[in-house]
Amino acid sequence: MANKTHDGDVAFIKALAELLAQNELTELEVMREYGDNDSLNVRVSKQSIVAAPAPAPVAAPAPVAASAPAASAPAAAASSGDPAQDPGAVTSPMVGTAYLQAEPGTPAFVSVGDTVAEGQTLMIVEAMKTMNQIPSPRAGKVTRILVGDGDPVEFGTPLMIIS
């Protein structure tokens, strides 16, 4: 019986992938419930080859002194012009809308120059009416914020740089 459920799930996922392609969607998420404590959660997404629009320019931090040898690798990546290639880039794990603060009128989660701890909330990405906290993948200093409050983001869009 379990094999039939598995075969049905595979067919269901293939049908979702076809819907994704036919309707030019980038992501589709569905929960299928079978009964008490038995469900299937499926997220089908495709990564677009087309680059996302460039975020609004943000003031660059002051140049690092030449005596700091450890800063040479991040500086080289930052000079390439593509924030996604920066080793400190934090990218969006989903398609949605980025929010820099918990609600309008409250302070931002982080600002440029702030020191953050691993796991600290950096921002929220709203997807399908769900507010998803974006945690810091590492401890460090926020050197750039690449999206504005309320900006739409795609999967993989660079959100900020932590060095």
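Contact here means heavy atoms within 4.5 Å. This is a predicted model, in which local features need pLDDT of at least 70 and side-chain atom pairs count only at pLDDT 80 or more, while totals for chains, interfaces and linings use all residues. Residues are numbered from 1 along each chain as its sequence is written, and side-chain values use heavy atoms, with hydrogens and water left out.

Figure 1. Leaving out residues up to four places away in sequence, V147 touches A98, L100, M123, V153, P158 and L159. A nonpolar core is a set of buried Ala, Val, Leu, Ile, Met, Phe, Trp, Tyr and Cys residues joined through side-chain atoms within 4.5 Å. Buried stands for under 20% relative accessible area, exposed for over 50%, and partly exposed for values in between (1.4 Å probe, protein chains only). The largest core has 18 residues, of which L122, M123, V142, V147 and M160 touch the most other members. Strand 6, strand 8 and strand 10 are the elements that give two or more residues to this core. Strand 6 gives the most, with four residues. Apart from this core lies another, of six residues, including L16, L28, L40 and V42. In soluble globular proteins, nonpolar side chains tend to be buried together.

**Figure 2. The protein chain as a whole.** The chain has two helices and 10 strands. Helices (H or I, at least four residues) and strands (E, at least two) are DSSP runs, numbered from the N terminus. Along the sequence, these elements follow the pattern α-β-β-α-β-β-β-β-β-β-β-β. Of the 163 residues of the chain, 28% count as buried. Among contacts between residues at least 6 apart in sequence, 53% join residues at least 24 apart.

Figure 3. Strand 1 (residues 27-35) and strand 2 (residues 38-45) run antiparallel and are joined by eight bridges. Two strands are said to pair if DSSP finds at least two bridges between them. E27 has S45 in strand 2 as its bridge partner, and E33 has S39, also in strand 2. Two residues lie between the strands of this hairpin, where N37 takes a positive phi near 55 degrees.

Figure 4. V142 stands opposite I162 in strand 10.

Figure 5. A89 is found in strand 3. Is A89 buried or exposed? A89 counts as buried because its relative accessible area is 15%. Not counting residues up to four places away in sequence, A89 touches P83, A84, R138, M160 and I161. R144 is 55 residues from A89 along the chain, and the C-alpha atoms of the two are separated by 9.2 Å.

**Figure 6. S136 in the loop between strand 7 and strand 8.** S136 lies in this loop. With 3% relative accessibility, S136 is buried. A polar atom of the S136 side chain lies 2.4 Å from the backbone oxygen of R138. Leaving aside neighbours within four places in sequence, S136 is in contact with V116, A117, E118, G119, Q120, L122 and I162.

**Figure 7. M128 and K129 in the loop between strand 6 and strand 7.** M128 is found between strand 6 (121-127) and strand 7 (130-135), and K129 lies in the loop between these strands too. Which value does phi of M128 take? Phi of M128 is near 55 degrees, a positive value in a residue other than glycine. For K129, also a residue other than glycine, phi is positive and near 65 degrees. M128 is exposed, at 61% relative accessible area. K129 counts as exposed because its relative accessibility is 76%.

Key: Polar contact = N/O pair within 3.5 Å; in protein donor to acceptor, adjacent residues only side chain to side chain.
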